[in-house]
Amino acid sequence: MSAAAVEHPCDGEPESQLTLANRLAEQNPGSRVEIIGGVITVAPPPDGPHGRALTKIMLPFIEAGLDGGETEIIQGIGLWLPGGPEDYAIPDLALVDADFDEHLIENNCYDPAVFRLVLEVTSSNYNNDLRNKVAAYSEAKIPVYVIVDRKHGRVHVLTEPMGDGYDSHQVYAPGQTAELPGSLGAPVTLDVDALVRAGRPRT
């Protein structure tokens, strides 16, 4: 998603980042507000191809039986991050343990320990997904981070979080398939060509 950093107001009593982020979310319905590395970003609502790619990528997880039972596949669930006192992200898609409701931390965000995978579908500010969130999700020890890079027509699969990045970073192009780790709970294979085509506007 495209995102812009937000300046903090200098007048009056200083407010917490979380308070400011929630106020911005109320003022910008449909936008996604996050705090990553102590920086507040506001991403406008995604376009249609973004949503289409997100729908397409959910299907292999559902077909593998990962939506129900021990895990659930959920869009836009809040993830509390350890990088700052009020850091949180809202990934486009996440595979979480079925008991995630018991691990609510704050601000509708959940403990990173219940996340088996997070996934982002990029928009114009793709650097946020390819850089800032790589560090943030790794620090949170998210086992698998998948990026559908619409700008470059690729799918990234990052595994083995190291704290400031991932030890394994595989990049897949159209014509290839990406096999995700078995640690998710069932075999999942992504058709890169189908995902890249779904994320493009139809002429």
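D47 caps the N-terminal end of helix α2, with a side-chain oxygen 2.9 Å from the backbone nitrogen of H50. The structure is a predicted model, in which local features need pLDDT of at least 70 and side-chain atom pairs count only at pLDDT 80 or more, while totals for chains, interfaces and linings use all residues. Residues are numbered from 1 along each chain as its sequence is written, and side-chain values use heavy atoms, with hydrogens and water left out.

Helix α2 spans residues 48–63; helices (H or I, at least four residues) and strands (E, at least two) are DSSP runs, numbered from the N terminus. Its 16 residues reach 23 Å from the first C-alpha to the last, close to the 22 Å expected at 1.5 Å a residue, where the expected span is 1.5 Å times one less than the number of residues. The buried residues of α2 are P49, H50, A53, L54, I57, M58, P60 and F61. Here buried means under 20% relative accessible area, exposed over 50%, and partly exposed in between (1.4 Å probe, protein chains only). These buried residues pack against strands β4 (71–75), β7 (93–97), β10 (115–121), β11 (144–149) and β15 (189–191), and against helix α4 (192–198). Just after α2, G65 takes a positive phi of about 80°.

Most residues other than glycine have a negative phi. In N107, however, phi is near 55°. N107 lies in the loop between β8 (104–106) and β9 (109–110) and is partly exposed, with a relative accessible area of 26%. For E160, phi is near 65°; E160 belongs to strand β12 (residues 154–161) and is partly exposed, at 45% relative accessible area.

The largest pocket has a volume of about 200 Å³. On a 1 Å grid over the protein atoms alone, a pocket is an open set of points where a 1.4 Å probe fits, with protein on both sides within 12 Å along at least five of seven lines, and lining residues have an atom within 4 Å of a point. The volume is the space filled by probe spheres set on the points, which are joined across faces, edges and corners. Of the 13 lining residues, N22, V33, Y88, I90 and N107 are the closest to the centre of this pocket. Helix α1 (residues 17–27) supplies the largest share of the lining, three residues. By class, the lining holds seven nonpolar, six polar and no charged residues; Ala, Val, Leu, Ile, Met, Phe, Trp, Tyr, Cys and Pro count as nonpolar, Asp, Glu, Lys and Arg as charged, and the others, Gly among them, as polar.

Two further buried residues were examined. S138, in helix α3 (residues 126–139), has a relative accessible area of 1% and is buried. A polar atom of the S138 side chain lies 3.2 Å from the backbone nitrogen of M162. Not counting residues up to four places away in sequence, S138 touches K133, P161, M162, G163, D164, G165 and Y166, contact being heavy atoms within 4.5 Å. D92, in the loop between β6 (88–89) and β7, is likewise buried, with a relative accessible area of 1%. The D92 side chain makes a polar contact with the side chain of R32 (2.8 Å). A polar contact is a pair of N or O atoms within 3.5 Å; within protein, one must be able to donate a hydrogen and the other to accept it, and residues adjacent in sequence count only if both atoms are side-chain atoms.
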